[in-house]
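The following exercises are to be worked with the sequence and the structure in view. Each task is followed by a stepwise solution.

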Amino acid sequence: MPSLRRDQVGWLLAGSALTLAPHASHLPPAISALCALLLVWRGFINQRGSRLPHRSLLVLMAAGVVGAVLLEFHQFFGKEPGIALLAGLLSLKLLETDSLRDARAAVLLSFFMQLGQFLYQQNMAIAAIALLGTFASIGTLLALQGRAEAFAPRAAAAARLLLQALPLMLVLFLLFPRVQGPLWGLPADAHSAVSGLSDDMRPGDIARVSESGAIAFRAAFEGDPPPPAERYWRGPVLTRFDGRSWRPGPSRRQDQPFYQSSGIARPYTLTLEPHNQHWLLAMDFPGPAGGLVYGDDFRLLSREPVRSRLRLELVAHPATPVGLAEDPRILQEALALPPGFNPRTRALGERLRAAAGHTEDIPALAIRHFRDSRLAYTLAPAPLSRDDVDSFLFDTRQGFCEHFAAAFVVTMRAAGVPARVVTGYQGGEINPVDGTLVVRQSDAHAWAEVWLEARGWLRVDPTAASAPRRIDGGLAAALPDTARLPLLARSDLPWLRALRDRVDAVNNRWNQWVLGYNPARQRELVASLGFGDTGWQSLTALMAGGTAVVMGGLTLWALRRVRPGDAIDRSWSRVCRRLAAAGHPRHAWEGPLDYAGRIAREAPETAPELASIAADYARLRYGPAPADATLLQRFHHTSRKFRPR
Amino acid sequence: MPSRIARRLTEAASRIILGKEHAVRLALACILARGHLLIEDIPGVGKTTLAHVLARLLGLQFQRIQFTSDMLPADIIGVSVFDQRDASFRFHPGPVFAQLLLADEINRATPKAQSALLEAMEERQISAEGQTWRLPEPFFVIATQNPADQIGTFPLPESQLDRFLMRISLGYPDRAAERALLAGEDRRELVAHLPTELQAGELDSLFEAARQVHVGPRLLDYVQALLEHSRAGAGFSLGLSPRAGLGLLAAARAWALLGGRDHVLPEDVQAVLPAVAGHRLRATGDTPLGPDALARRLVEAVPLP
């Protein structure tokens with residue numbers, strides 16, 4: 001069995017280590033430790049030049065790896081146990097690898113494990129690490145193929161190979177016909193829990209969502225972004241109240257808005273992170289757009305749950321009047337209060353109704369009452385009793401936005417004004433690096449809508465009454481400094497914010513152009529290249545063409561490098577090519593005069609003028625420089641005209 | 001015109017050594033490149049005649065040593081004899097003090113005698129009795145050996161073979177040449193009456209002209225590629241030394257001069273390669289290759305740069 005050189009094993013180990021290291025973040029610690037141990041062991045053997053462990057020991061260890069995976073996962077099927085098993089087996093394989101064939105198998109497995117990282121995460125850091133692993137594996141293949149060489153030239157060769165593969169990679173990435181859906185998702189991943197809003201609301205729900213700094217969506221506006229007070233992104237609209245929790249009422253859907261959009265238009269691009277729900281979190285109120293569903297609660301919905309990052313071109317009309325001719329049944333629903341709950345708030349509502357001369361004045365009176373009650377805005381309010389609205393309004397006087405919204409809606413309903421809770425997001429931050437508006441989970445919000453005769457549904461944000469800075473400055477501005485906040489939502493560390501902005505801008509590009517490169521984007525790209533029809537057939541043809549162009553270009557480049565450099569050699573090569581085509585090739589080692597002499601002997605009638613051309617070439621090529629200009633001219637002239645008969 | 005003189009020499013020599021233009025030309029090139037020549041062949045094919053002809057044509061002072069197994073170094077380099085008249089030793093120079101020395105059947109002598117000659121070839125001077133005598137200028141050795149008769153001989157080791165710029169063999173004449181030889185005059189008579197072709201100083205100008213032949217960078221690339229392949233490439237177990245490389249270039253220059261050119265072509269290198277490299281290279285494998293096969297193996301493995 002041919003044994004491997006030390007440098008070959010070194011490359012193999014480096015490649016495997018770079019491949020396995022990022023897996024440590026999700027592998028069970030026992031498996032990670034085992035892999036590290038096996039790699040170190042192999043490295044030690046390589047360093048000392050000692051013997052590989054006996055086969056029976058390897059079998060025993062393989063059984064150990066299998067046992068560890070079983071113990072950890074209780075099965076072999078699925079992503080997690082599969083990757084763990086492969087990681088263990090790759091490390092074990094290295095301990096029995098002492099031949100080229102085994103080493104190539106290990107490299108192949110390394111390539112697969114580099115892809116395996118994307119089953120967990122697809123961010124740029126993982127891509128960079130996987131690329132590093134690929135680089136090391138290519139270096140390994142080079143080491144397996146060639147002679148022993150120092151690290152630097154070998155690494156340079158591997159990097160060159162990677163670079164040469166880049167154009168082909170781009171062609172395949174851009175033109176390989178795409179399927180709808182995330183590139184890396186396994187079926188099991190698509191339905192896993194994702195943080196975000198849900199379609200019911202209890203006190204404390206929104207506060208819990210707010211603790212996450214994760215990005216909910218991004219919006220890139222054409223032109224100036226709207227002022228913060230307009231940035232209300234509508235999620236579930238909650239009408240039904242059972243005394244504890246809020247739920248959406250029945251709603252009708254159609255593929256046209258339930259309103260006539262008017263007023264100022266704000267076109268923007270929404271890039272929604274997957275949240276496994278139908279709602280699209282459009283800014284109030286989205287204009288007509290194809291392929292989407294509109295609810296009669298003015299939500300924008302998708303036909304399928306959003307399971308991968310989604311990019312939408314939308315137009316918001318913030319000033320649109322909505323619900324002018326509202327369905328009486330909806331209004332009925334928006335007045336219902338469960339009996340036996342919150343008696344003090346109901347009494348408040350009735351007092352307000354009596355105090356107001358006009359129904360239209362009631363919301364303003366309620367807001368004034370809220371403000372006068374000195375309600376505190378906090379992420380961690382004191383516990384509430386069974387009648388939580390009463391308890392919030394009259395006892396603890398501490399709450400988060402859902403408390404404010406719920407209390408306001410209950411008060412309105414008690415006063416006889418149709419009202420409902422709207423959840424969604426409010427605010428967001430402009431990233432100064434690329435100008436996109438980034439909305440995070442910490443921007444989750446709940447507000448209220450009231451319905452007034454001839455004015456339709458109007459947004460009232462009772463949180464603004466107590467914490468006006470929440471609306472203008474975001475959560476961090478509205479809360480006291482001591483509040484627990486996700487690190488990334490804090491505004492008191494400017495350098496951290498600057499860094500976050502920059503990283504986020506790059507991430508956004510990555511998401512938009514790499515991960516979010518879906519069939520729609522592909523169609524756009526192909527259309528922008530001037531190819532209208534983009535069925536998979538034409539895409540395949542384009543891909544084949546692109547591949548041919550890239551490979552042809554690379555081939556030409558490679559050939560150009562071995563072609564002789566200067567004009568004298570080119571002319572002579574042309575002469576030789578023509579003679580070769582006529583059946584008289586020159587031997588690679590044959591000098592010009594010998595060649596001409598041989599042709600003159602073998603086929604004198606073929607090329608009578610060859611003798612003088614060859615003599616000229618020999619003098620120009622090997623004679624003292626600088627060459628005679630007339631000789632040079634004669635040589636180029638006769639060699640260009642030279643045609644063997 | 002050095003090239004015209006060179007052509008005249010070749011023609012004159014070929015008139016006597018019939019049908020051996022290539023070998024004669026190689027021998028001339030060897031001398032123009034100021035190298036020593038080893039002629040390896042069976043007796044009677046004209047080795048000695050060739051040496052004679054060259055000496056006559058070039059106007060060189062000629063000496064001949066027939067090597068035998070009982071020969072001592074003093075028989076070659078000379079001996080000090082006690083002179084009774086002035087009661088002192090006087091050095092009597094041996095036959096090595098000639099411009100062209102024919103060392104016939106060099107492999108018959110013991111290594112001791114051989115090395116005395118070979119030292120003289122390398123140093124171009126003789127040290128004896130604590131004194132040093134310079135050999136005449138120019139100084140050439142044409143050695144012959146008989147490869148077929150190996151009994152009681154001392155074949156030259158590689159280190160000694162390397163001292164010879166070229167090793168050539170003459171071989172049997174072809175049919176027409178043989179006929180002309182049989183029908184013609186006695187060769188010895190012809191040589192005896194052969195006029196010297198060169199005027200005084202013309203030989204030196206020929207040497208100078210051979211040194212001046214242009215070698216371009218592309219040709220150096222080629223020579224280097226040949227040397228490298230002979231050392232590192234497949235097919236050879238013993239490669240060409242740097243001295244062999246220098247010799248190859250000098251011989252190619254002289255060959256180009258004989259061809260009437262002022263620059264060296266790869267063809268020149270290839271033409272002298274069997275004679276220059278044949279006794280220095282050793283091929284891998286069991287069957288020993290002749291010089292032509294060896295040179296062809298090397299030439300065909302190295303493309304022109």
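**Exercise 1.** Which residues of helix H12 (residues 388–396) of chain A are buried?

The model is predicted, with local features requiring pLDDT of at least 70 and side-chain atom pairs pLDDT 80 or more, while totals for chains, interfaces and linings use all residues. Residues are numbered from 1 along each chain as its sequence is written, and side-chain values use heavy atoms, without hydrogens and water.

*Solution.* 
1. Apply the criterion for buried: under 20% relative accessible area, with a 1.4 Å probe and protein chains only.
2. A:Asp388, A:Val389, A:Asp390, A:Ser391, A:Phe392 and A:Leu393 are the buried residues.
3. Their cover includes helices H10 (343–355), H11 (362–372) and H13 (401–414) and strand E11 (398–399) of chain A; helices are DSSP runs (H or I) of at least four residues, strands (E) of at least two.
4. Just after H12(A), A:Arg397 has a positive phi of about 55 degrees.

**Exercise 2.** Determine how helices H3 (residues 55–73) and H4 (residues 79–96) of chain A are arranged.

*Solution.* 
1. The two axes, lines fitted to C-alpha atoms over the stretch in contact, come within 10 Å and cross at roughly 165 degrees.
2. H3(A) is therefore roughly antiparallel to H4(A), a term for angles over 145 degrees.
3. By class, their contact (heavy atoms within 4.5 Å) has 12 nonpolar, one polar and three charged residues.

Key: Chains lettered and ligands numbered in written order. Axes fitted to C-alpha atoms, helices over the stretch in contact; angles between N-to-C directions. Parallel < 35°, antiparallel > 145°, perpendicular 65-115°, else oblique. Nonpolar A, V, L, I, M, F, W, Y, C, P; charged D, E, K, R; others polar. Buried < 20%, exposed > 50% of the residue type's maximum accessible area, 1.4 Å probe, protein only.
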